[in-house]
Amino acid sequence: MSLGCPKALVDSERILTQLRAEGYRVAPTYENADLVVVNTCGFIESAIDESLGAIGEALAANGKVIVTGCLGAKGDIVRRTHPGVLAVTGPHATAEVMRAVHEHLPQPHDPYTSLIPPQGIRLTPAHYAYLKIAEGCNHRCTFCIIPALRGDLESRPIGEVMQEAENLVQAGVKELLVISQDTSAYGVDVKYRTGFWRGRPLRTRMTELAHALGELGAWVRLHYVYPYPHVDEIVPLMADGKLLPYLDVPFQHASPRILKLMKRPASSEDNLARIRRWREICPDITLRSTFIVGFPGETEAEFAELLAFLDEAQLDRVGCFTYSAVDGAAANALPGAVREEDKQERRARFMMQQEAISARRLQCRVGRTLTVLVDAINADGATARSSADAPEIDGTVRIAPDRTLKVGEFATVRVTRAGTHDLWAEVA
């Protein structure tokens with residue numbers, strides 16, 4: 001049912017085109033349909049009344065109704081008048097309408113005609129998947145050329161992200177790893193536009209996305225989170241078990257002068273205060289970060305500031321890179337290039353200090369019981385990961401052989417010893 005102006009008619013045409021492209025057939029009457037889509041108008045009172053009447057008629061005749069169009073953008077008038085509708089979206093929302101159709105009238109997967117599974121084709125193991133929420137970046141860090149390669153920040157519609165996440169979980173994925181160039185900035189480019197998921201409005205913003213992902217029942221791990229103040233909003237979700245207590249925050253350095261030359265947000269003092277606050281809210285939080293040593297102009301005193309920051313921050317997982325003069329990076333023009341041998345020497349000292357911190361923090365886990373996700377099994381036992389371990393970049397939990405262990409499944413283990421990066425455990 002299509003109501004309203006020619007622009008609404010075009011929206012209806014696009015919805016019908018997509019429905020037909022996906023193999024759905026258009027029924028001649030409400031009674032013969034499995035589901036009804038009503039495209040509404042909300043411009044003047046008479047149009048609102050007509051739209052609400054059409055929705056009521058469709059509900060009475062069929063019972064399964066999705067509402068789209070301008071009336072859907074006028075607050076909760078549709079749900080207050082007709083609480084039985086399946087979903088409500090705003091205008092020009094073909095993708096959101098199709099997500100609602102897929103949810104309430106899914107097409108059965110036909111292995112003879114459908115070459116792509118609902119969750120898409122992935123290169124990761126079946127039990128975890130990366131969920132990319134945006135492309136590009138609005139920052140102009142002087143050591144980085146990502147904006148030149150991928151452009152400015154372009155956030156994916158939140159409904160589209162959530163549908164992909166749901167498809168992955170329904171396909172058996174146990175862990176979603178949320179990635180982008182700047183996860184904290186999700187939605188900035190679209191001014192936190194309101195989208196729709198499961199028929200309810202949802203802002204395109206990291207906090208709201210984290211809340212929604214936390215409803216899916218999978219592990220949710222956040223990567224590339226810049227240390228903005230609103231990150232504080234998601235740490236309580238970690239304390240409540242909705243998200244994994246894990247933050248990947250690329251601090252990059254601790255010297256105020258070097259951070260300014262890098263054009264990085266925040267200062268080391270701000271970052272230390274945030275770390276303390278995060279740990280107060282969620283004592284079990286795991287903090288991972290990456291740093292650059294040998295940045296142009298970095299003095300021995302500024303490198304010492306970085307080492308002091310490591311001691312103060314007591315981060316769990318850390319990666320360190322020597323500055324690389326990538327073609328096109330603005331930092332290449334800065335004075336005071338650091339000699340390669342000095343870069344390597346600083347990196348070695350940095351990693352030696354961090355390894356001691358990592359070993360001490362892992363030692364505190366000995367004797368504790370952990371939930372782990374099993375990645376692989378061989379004759380020597382199993383390799384798994386806890387909430388503190390992202391795949392490929394962090395440590396692992398090595399489990400003694402046990403017949404109950406299965407790849408891609410969770411297990412409860414007791415930690416028996418710790419190393420510099422890994423833990424050893426047995427099934428509890």
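User: Hi! How many residues of strand 1 (residues 36-40) are buried?

Analyst: A quick note before we start: this is a predicted model, in which local features need pLDDT of at least 70 and side-chain atom pairs count only at pLDDT 80 or more, while totals for chains, interfaces and linings use all residues. Residues are numbered from 1 along each chain as its sequence is written, and side-chain values use heavy atoms, leaving out hydrogens and water. Strands (E, at least two residues) and helices (H or I, at least four) are DSSP runs numbered from the N terminus, and buried means under 20% relative accessible area, exposed over 50% and partly exposed in between, with a 1.4 Å probe and protein chains only. Strand 1 is mostly covered, and its buried residues number five of five.

User: Which residues of strand 1 point the other way from V36, V38 and T40?

Analyst: In a regular strand the side chains alternate between the two faces of the sheet. In strand 1, V36, V38 and T40 share one direction, and both groups are buried. Pointing the other way are V37 and N39.

User: Which residue in strand 2 is the bridge partner of V36?

Analyst: Two strands pair if DSSP finds at least two bridges between them. Strand 1 and strand 2 (residues 65-69) are joined by five bridges and run parallel. Within strand 2, the partner of V36 is V65.

User: Is T396 buried or exposed?

Analyst: T396 sits in the loop between strand 15 and strand 16 (397-399). Leaving aside residues up to four places away in sequence, T396 touches T383, A384, H421, D422 and L423, where contact means heavy atoms within 4.5 Å. With a relative accessible area of 19%, T396 is buried.

User: How many residues apart in sequence are the parts that E409 and K174 tie together?

Analyst: Their side chains meet in a salt bridge of 3.7 Å, N to O; such a bridge is a side-chain nitrogen of Lys or Arg within 4 Å of a carboxyl oxygen of Asp or Glu. E409 lies in the loop between strand 16 and strand 17 (410-418), and K174 in the loop between helix 6 (158-170) and strand 7 (175-179), so the number of residues separating these parts in sequence is 235.

User: How far apart are the closest N and O atoms of R140 and D152?

Analyst: The structure holds 32 salt bridges, and R140 forms one of them with D152. R140 is partly exposed, with a relative accessible area of 43%, and D152 also counts as partly exposed, at 43%. The closest N and O atoms of the pair are separated by 2.4 Å.

User: Last one: what is the handedness of the crossing of helix 6 and helix 7?

Analyst: The axes of helix 6 and helix 7 (residues 206-213) come within 11 Å and cross at roughly 25 degrees; axes are lines fitted to C-alpha atoms over the stretch in contact, with angles from 0 to 180 degrees between N-to-C directions. The two helices are therefore roughly parallel, a label for angles under 35 degrees. A crossing is left-handed if the near helix is turned anticlockwise from the far one by less than a right angle, and right-handed if clockwise. For helix 6 and helix 7, the crossing is right-handed.

How values were computed
Parallel < 35°, antiparallel > 145°, perpendicular 65-115°, else oblique.
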